[in-house]
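Trainee: Could we walk through how to read domain and chain interfaces together? I would like the general idea each time, then the case at hand.

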Amino acid sequence: MYRIRFHGRGGQGMKTASRILGTAFFLEGYEVQDAPRYGAERRGAPIFAYVRAAKQTIHERGVIQQPDLVIIADESLASVSSAGTLIGIDKHCVLLIVSNESPESWKHRLNLDCTVLTLAYEQLDIHQISYAGIVCTGAAARLTGIISNETLQRAIKQELAAFDESVVANNLHQALDAYKKMAEHEACVQKSQEISADNYQAPEWITLPFDDANISAPAIHASANSVQIKTGLWRSFRPVIDYQHCKHCWWICSTYCPDGAINVDDSGQPQIDYDHCKGCMVCVAQCPSHAISIIPEQQAEVAAPEVTAIPGDKR
Amino acid sequence: MNDKPVTLYRHMKDLPSTHLLGSGTAMCSGCGGLEALHEIYDIIGEKSLYVNAAGCMTLLSVYPFTPFRGSWLYTAMASAAAGAQGVRDALDILLEKKQMKADEDMQVVVLSGDGSAYGMGLSATSSAMERNLDFIYICYDNEGYGNTGQQYSGATPHAARTSTSKGSSGFRGFKKDLFSIWAAHKPTYVATVIGSEPVDLARKIEKAMQLKGPRLILALSPCPTGWDYDPQDSVEIGKLAVKTGIWPLKEYVDGKVRHTKLPKQRLSVDEYLKRQGRFNHLYQPDRNDKLINEIQIDVDDYWSEVVE
Ligand SMILES: Cc1ncc(C[n+]2csc(CCOP(=O)(O)OP(=O)(O)O)c2C)c(N)n1
Ligand code: SF4
Ligand SMILES: [Mg+2]
């Protein structure tokens, strides 16, 4: 059986990526399971999806814990522990990261002894974000060595039947390009045995004592403590204010920002709270003096240290 | 519109520069509902108690975190207004028994999506109005069951694609008129708002806060995920909803309906529709003149009856 896990962000098309790969396996005569998994978070937040494919009946259920292939569409997720990208990766697994850095550097950084591959991208473009998933599908198809170029195309056309031609064409182009780029690693993914129920290790449950409702009910006795959650990690691009051009009309960006992540400092200057900005770019679209630009997150990490949030309100 | 209302909010400059609703919530990047809510929350203030029906915004408070500074209570989809009755009664009892000081009283607010407000929760809401419950009902209307993948709801507009209304005509039904359904109960206040018109919104919340009894704030909430557009267009699409006349900004008070913003020269509905993937089938592969016309005529008919 093949077990393949895709990691990306909401909006990058990961759910569709796994769906198309599943369909491609199916067209090649495999039995398939495919499922997306979201947490409570949404567009921009880490999500994953997974595919199981086998020639015989699949008895396994649930999230893939022992993957044969893991693909990370957004390299910034590798360091987000809650994204769980590295769960269950062992020597036998192949890890593919969409990144311009070398496999060696990732191997070293993540301290892994499995096969690590990278797939380079040309230029990050915020409008191409929804194609991140299809690139991964194309690459995965080649890495398994099972799926032919024709089958991949059929699966894409079948799953995207509801979209217009230009969308389908763009998806085909992106997928086939990745398929081609992975040629030298064709069939490097090794399938593994189905995990048997005999070897199943039950989780270590902790039985909690029964408490009164006033203790056991999930009541929150805090005020606006959601700020402890760094939704800034959802971003792959960031808005940056050019203070040379900013006209200090904070009431525009600060009001429209859905997340309330633009604060106003004492001098009346808007400050983006990068700990919480989800990168929707509403501020960029609304700034009347076009003083806010978009840069890829990777670029920002090298260019500028994280600007710390202005805490809470001052009223 | 001669009676100049007394308001703190004349220009965008008058809006709060610091925001009370905590960031770090699980709403989508670019969520128009969250935009409206944070603007509303700034005006209602922290002495408020939110009763939240299941929907996207249930995820605002996920144990052990909350963006609220006051209280929050979660109810089933159909029962938020009944929940509000319970907490209002509890507060009244505490006040009466002097176990709570009058200045510690809280504004009871229902927060629900359109699935609840236009459908599942309507019966409990109607009964709450019957009992003249003192509460504010905020509905963020993203025109579908967003949290579960945008199935159609009683608020879905004619011809929109949802996950349960696909094909070349989209949704065959029509959006319910919740404003009028509420107004027919003769409650204290009913208003439509949108996050992209924050001054109009702030004035309406300000007014609602000065009143008592059942009050509805109905916020059209552009939803990048369910409506299928780039998150950065959320505000622009909201503005277009108003400029095309598709989302009339109005209020009902003292038995009268008043429009608070008259689009001077209404833009064609195309400007709004073609920006959203959920209306793509009206333009691709060919322009569906008939359906687009129907939508335009509907809007024109609405405004032809508006006399101010
Ligand atoms: C009685 C009941 N039916 C179904 C559900 C599942 N459910 C949870 S959220 C949701 C969608 C609610 O839609 P809406 O009120 O418009 O809010 P939105 O998700 O769009 O924010 C549904 C159907 C539920 N919680 N309760
Ligand atoms: S699905 Fe729509 S309404 Fe729900 S959180 Fe996302 S953008 Fe907001
Ligand atoms: Mg809804």
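Trainee: What area is buried between domain 1 of chain A and domain 2 of chain A, and what share of it do carbon and sulfur atoms give?

Mentor: Let me set the ground rules. This is a predicted model, in which local features need pLDDT of at least 70 and side-chain atom pairs count only at pLDDT 80 or more, while totals for chains, interfaces and linings use all residues. Residues are numbered from 1 along each chain as its sequence is written, chains are lettered from A and ligands numbered from 1 in the order in which they are written, and side-chain values use heavy atoms, with hydrogens and water left out. Buried area is the accessible area (1.4 Å probe) that two parts lose on being put together, summed over both. Here that comes to about 940 Å², with 68% from carbon and sulfur atoms.

Trainee: Where do the two domains of chain A run?

Mentor: Bounds come from an automatic or database domain assignment. Domain 1 covers 2–194 and domain 2 covers 232–308; their C-alpha centres lie 32 Å apart.

Trainee: How many residues of each domain are in contact?

Mentor: Contact means heavy atoms within 4.5 Å. By that rule, 17 residues of domain 1 of chain A touch nine of domain 2 of chain A.

Trainee: How many polar contacts link chain B and chain A?

Mentor: A polar contact is a pair of N or O atoms within 3.5 Å; within protein, one must be able to donate a hydrogen and the other to accept it, and residues adjacent in sequence count only if both atoms are side-chain atoms. Between chain B and chain A there are 18 such residue pairs, both at pLDDT 80 or more. For the two domains of chain A, the count is three residue pairs.

Trainee: Where does ligand 2 lie, and which residues are around it?

Mentor: A residue is near a molecule if one of its heavy atoms lies within 4 Å of it. Ligand 2 lies between chains A and B. Around ligand 2 are A:Arg42 and several chain B residues, including B:Cys28, B:Cys31, B:Cys56 and B:Cys223.
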